[in-house]
Amino acid sequence: MSFTAIFFFVAIVGLTLVITWWASKRTSSASDFYTAGGGLTGWQNGLAIAGDYLSAASFLGIAGSIALFGFDGFFFSIGYLVAYLVVLYIVAEPLRNLGRFTLADMITARFDKAKVRGTAALSTITIVLFYMIAQLVGAGALIQLLLGIEYWMAVLLVGIMMTVYVLFGGMTATSWVQIIKACLLMIGTVIISFLVLAKFDFSIANMFTQMTTVTEHGEAYLNPGLRYTNGIDTISMLIALVLGTAGLPHILMRFFTVKDAQTARSSVIWATWIVGLFYVLTIFLGFGAAAFVGKEAIIAANPAGNMAAPLLAQALGGDILFSFVCAVAFATILAVVAGLVLPGASALSHDIYGQIVKKGKITEKEAVKAARIGSIIISAVSILLALGAQTLNVAFLVSLAFCIAGSSNLPVIIFTIYWKRFNTNGAVWAMLTGLISALVL
């Protein structure tokens with residue numbers, strides 16, 4: 001454990017805790033806790049959405065997948081990026097017009113039934129848990145590498161910190177942590193990409209040519225089929241990635257943090273440009289790791305390849321860049337898991353407890369207390385599940401959450417917005433069919 005690593009780690013943690021303290025002074029109502037009072041601007045929410053979306057799966061998982069499997073790893077980048085067109089053109093504005101705090105609010109704007117709200121809450125909690133497991137697995141591997149502590153201790157550390165952010169700062173703290181983290185992540189990615197390109201004489205064509213010889217796969221490295229040999233499976237995964245984003249609770253919840261539908265659309269445009277640039281740069285991260293770190297070293301650090309990007313930073317920039325990238329990746333995970341706790345907690349506290357159990361007869365003070373209790377429950381369950389998933393690639397784990405979101409939530413959102421004859425039974429069975437079939441398969 002180096003002094004540089006400790007410095008960056010402490011600096012990131014200190015900055016996020018200061019933000020949480022500042023936000024706690026501005027979080028008194030349920031609206032403040034869940035949606036930051038709807039006071040974010042388009043560019044702020046766009047950066048926060050990008051921060052939510054550029055998770056451990058993006059930075060750690062995709063870099064590792066491209067390093068180990070070439071073109072097949074880049075499928076994730078393609079799917080995640082194209083997904084924002086679905087969000088922009090189909091979901092963003094209508095969702096903002098219909099909802100208040102949660103996805104269930106939006107659906108029950110048409111179907112004011114407890115069973116619809118309960119089913120939507122169940123779907124939200126399931127997706128959030130899958131997504132959080134991925135982030136915590138990435139966090140465990142990263143902190144294990146950076147600080148030299150045991151995996152379970154690393155997962156517990158991240159779990160406690162994310163709970164602190166949400167408990168005290170709510171959506172305001174989470175949003176500003178996301179904004180700062182998105183900026184830091186882009187800076188780190190651009191620096192690494194520049195160094196990788198410099199190694200190839202600033203020639204992208206030269207880089208692609210050399211990548212046919214630096215791995216054991218030869219020219220097959222640049223073609224599909226190394227990891228996904230079944231065409232139907234590949235198409236299925238890409239459909240899940242493209243459609244899943246528009247059903248992710250923590251992304252959908254962000255549209256309630258702005259004042260109107262026009263600002264919601266502006267948020268998505270900002271997010272699309274930022275996310276698009278990042279996913280283009282994942283090519284340099286993956287190729288660079290394959291060329292300058294090597295498959296054996298990547299797998300030795302983590303069997304799923306999750307440490308490819310930090311190891312590349314160390315190979316090209318030494319201890320300083322390695323420590324900075326690890327600290328930024330840690331901030332990435334902290335911000336995303338904090339953002340994930342909120343929709344899970346809101347499903348428990350607002351939808352199930354506030355609207356179903358209490359039938360909407362709940363005071364502002366009770367609502368905030370219930371939200372904080374819900375945050376602790378969601379955090380505890382996700383930590384326990386993450387302890388048993390250490391060997392899984394985080395990009396793969398996130399793709400499972402996308403499958404469920406695309407199967408369960410998105411059809412109901414589209415039908416609610418655009419189909420006049422859609423009814424209560426249709427909403428319940430559409431969600432249950434998508435949720436159960438995706439889980440079983």
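**Aromatic rings and their setting**

Tutor: Phe7, Phe8 and Phe324 form one aromatic cluster, where rings of Phe, Tyr and Trp (its six-membered ring) pair if their centres lie within 6.5 Å, and planes under 30 degrees apart count as stacked, over 60 as edge-to-face and the rest as tilted. This is a predicted model, in which local features need pLDDT of at least 70 and side-chain atom pairs count only at pLDDT 80 or more, while totals for chains, interfaces and linings use all residues. Residues are numbered from 1 along each chain as its sequence is written, and side-chain values use heavy atoms, with hydrogens and water left out.

A search of the whole structure finds 14 aromatic pairs. One of them joins phenylalanine 7 and phenylalanine 8 edge-to-face, at 5.5 Å centre to centre and with 65° between the planes. Phenylalanine 7 is partly exposed, at a relative accessible area of 48%, whereas phenylalanine 8 counts as buried at 18%; here buried means under 20% relative accessible area, exposed over 50%, and partly exposed in between (1.4 Å probe, protein chains only).

Tyrosine 221 and phenylalanine 287 form another pair, a tilted one, with 5.8 Å centre to centre and 45° between the planes. This pair links distant parts of the chain, 66 residues apart, since tyrosine 221 lies in the loop between α9 (204–211) and α10 (231–244) and phenylalanine 287 in helix α12 (residues 261–292); helices (H or I, at least four residues) and strands (E, at least two) are DSSP runs, numbered from the N terminus. Tyrosine 221 is buried, with a relative accessible area of 0%, and phenylalanine 287 is buried as well, at 5%.

A ring can also face a charge: the charged end of lysine 199 sits over the ring of phenylalanine 292, 6.0 Å from its centre, the criterion being NZ of Lys or CZ of Arg within 6 Å of the ring centre and within 35 degrees of the ring normal.

Tyr53 and Ile107 have the most contacts inside the largest nonpolar core, which has 144 residues, a nonpolar core being a set of buried Ala, Val, Leu, Ile, Met, Phe, Trp, Tyr and Cys residues joined through side-chain atoms within 4.5 Å. Helix α14 (residues 308–357) gives the most to this core, with 25 residues. Not counting residues up to four places away in sequence, tyrosine 53 touches, among others, Tyr80, Tyr84, Tyr131, Tyr279 and Phe402, where contact means heavy atoms within 4.5 Å.
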